[in-house]
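Trainee: Could you walk me through this fold, one step at a time?

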Amino acid sequence: MQRILSHMRKAIEEYHMIEEGDKIAICLSGGKDSITMLKAFKNLQIFYPKKFEIIAVSVNPGFEFFDVNFLKSICDEVDIPLFIDNSHAKEIVFDIRKEKNPCSLCANLRRGVINSIAIEQGCNKIALGHNQDDVLETFLLNLLYTGNIGTFSPKSYMDRTKITLIRPLVYTPEKEIKRFIKKNNISVMPKVCPMDGTSKREDMKNLIYTLSKNIPMIRANLFGAIQRNLEDWKIK
């Protein structure tokens, strides 16, 4: 946990992600990233100089293997209240719309539900579990598929909802999260989306892995380029 907290605290402090009195909605999917972030936030809450509240929020998209009881047990273990909304994302995306590239629409639907829960519960911030590898994969997706140079920001304010999105794991490599999960024998929810492992994002993950065989520093180089050259990534 110390390594995770070290990466996480660096991101939080460099981008001023937490202020005194914040109420933060932690997005909990049941995967390794969100579970790690939830546990890290609980630890951070104990010693962080700025006091803040946390809740967990989740969206049940309607897939067969989505386990509500599993999420409840995780939150009960760390004494964090959980709020779940049963959405119809699966039905809308796969059954009604029959989307060939469903990820964007599904993400938008889930984002809307999460925002609504956060507002109802009086939260002013939402924490998303994107890790450092997600940053790199999104950068390559934008570059190769749209011709744009960019990725998501560590912190961004949404004018319409008056909520700030924070991504405290942006400095945390995926391998560190996997190591934490394995070392502590933490169970994670099986992947429930039929697109897992077949998306363009997975292609970018494989591309980085292949390139790293000949360019060992590729992850560090890409991440450094993002920090140096993207306006949203300049130290605030």
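Mentor: Helices (H or I, at least four residues) and strands (E, at least two) are DSSP runs, numbered from the N terminus. This is a predicted model, where local features need pLDDT of at least 70 and side-chain atom pairs count only at pLDDT 80 or more, while totals for chains, interfaces and linings use all residues. Residues are numbered from 1 along each chain as its sequence is written, and side-chain values use heavy atoms, with hydrogens and water left out.

Trainee: What is the order of the strands in the open sheet?

Mentor: Two strands pair if DSSP finds at least two bridges between them. The edge strands, each pairing on one side only, are β3 (82–86) and β5 (155–158). The pairing is mixed, and the six strands run in the order β3-β2-β1-β4-β6-β5.

Trainee: Do β5 and β6 pair in the parallel or antiparallel sense?

Mentor: These two strands form a hairpin with four residues between them, and K162 in the turn has a positive phi of about 65°. M158 stands opposite I163 in β6. Over four bridges, the sense of pairing for β5 and β6 is antiparallel.

Trainee: Why is the pair of Y15 and Y171 called tilted?

Mentor: Rings of Phe, Tyr and Trp (its six-membered ring) pair if their centres lie within 6.5 Å; planes under 30 degrees apart count as stacked, over 60 as edge-to-face and the rest as tilted. Y15 sits in the loop between α1 (2–14) and β1, and Y171 in the loop between β6 and α7, 156 residues apart. Their ring centres are 6.3 Å apart, and the pair is tilted because the planes stand at 55°.
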